[in-house]
Amino acid sequence: MLIQRFKGKIHRATVTEANLNYVGSITIDGQLLDAAGILEGEKVQIVNNNNGERIETYTIRGEEGSGIICLNGAAARRCQVGDTVIIIAYGYMTEEEARAFEPKVAFPGEHNRLN
């Protein structure tokens, strides 16, 4: 049996843009994606700490070092620039794999930059 387990997250990033007129998804600074072990095109859950919204979408790799966290398309209605979000990716694994797995967590600082 496979279980779904948290595999990586970007903890407390700040939304820098919201682009309603885009096909959809979330654009994330490539350095943050790498630090959290999240791939471009991977499904993620976005938790908005400001309003309690939880949405799912897929990632687009943004320019490395840009600090971009941009909600695109319909997701732009769920977050505002300046909101604090947690971006979480999950993976399917066996119970044995899940017990040994160490998730990656990125803690961005000011301007969504890694320290």
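Here are some numbered notes on the structure shown above.

1. Before anything else, this is a predicted model: local features need pLDDT of at least 70, side-chain atom pairs count only at pLDDT 80 or more, and totals for chains, interfaces and linings use all residues. Residues are numbered from 1 along each chain as its sequence is written, and side-chain values use heavy atoms, with hydrogens and water left out.

2. Let's start with the parts list. The protein has two helices and eight strands, and from the N terminus the order reads β-β-β-α-β-β-β-β-α-β. The radius of gyration (taken over C-alpha atoms) is 14 Å, close to the 13 Å that the globule rule gives for 115 residues, so the protein is as compact as a globular protein of that length. That rule is 2.2 Å times the number of residues to the power 0.38. As for the elements, helices (H or I, at least four residues) and strands (E, at least two) are DSSP runs, numbered from the N terminus.

3. What box do the C-alpha atoms fill? Along the principal axes, it is roughly 40 × 30 × 25 Å. Of the 115 residues, 43% are buried; here buried means under 20% relative accessible area, exposed means over 50%, and partly exposed is in between (1.4 Å probe, protein chains only).

4. Now the surface. The accessible surface comes to about 6,600 Å², and 47% of this belongs to carbon and sulfur atoms. Those areas come from the Shrake-Rupley method with a 1.4 Å probe, and for residues only the protein chains shown count as cover.

5. Look at strand β1 (residues 2-14) next. Its pairing with strand β7 (residues 84-94) is antiparallel and runs over 10 bridges; one of the partners is Thr-84 in β7, bridged to Thr-14. β1 also pairs with strand β8 (residues 104-106), in the parallel sense and over three bridges, and there Ile-10 has Ala-106 in β8 as its bridge partner. To count as a pair, two strands need at least two bridges found by DSSP.

6. Contacts tell you how the chain folds back on itself. Contact means heavy atoms within 4.5 Å. Among contacts between residues at least 6 apart in sequence, 82% join residues at least 24 apart.

7. Ala-35 is a handy example. You'll find Ala-35 in helix α1 (residues 30-36), partly exposed with a relative accessible area of 29%. Leaving aside neighbours within four places in sequence, Ala-35 is in contact with Lys-104, Ala-106 and Leu-114. The C-alpha atoms of Ala-35 and Gly-8 are separated by 8.7 Å, with the two residues 27 apart along the chain.

8. Is Asn-112 buried or exposed? Asn-112 counts as buried, at 2% relative accessibility, and sits in the segment after β8. Not counting residues up to four places away in sequence, Asn-112 touches Ala-13, Thr-14, Thr-16, Leu-32, Gly-67 and Ile-69.

9. Finally, check two backbone angles. Most residues other than glycine have a negative phi. Arg-12, though, has a positive phi near 65° without being a glycine; Arg-12 is in strand β1 and is partly exposed, with a relative accessible area of 46%. His-111 is not a glycine either, and its phi is positive at about 60°. His-111 lies in the segment after β8 and counts as exposed, at 57% relative accessibility.
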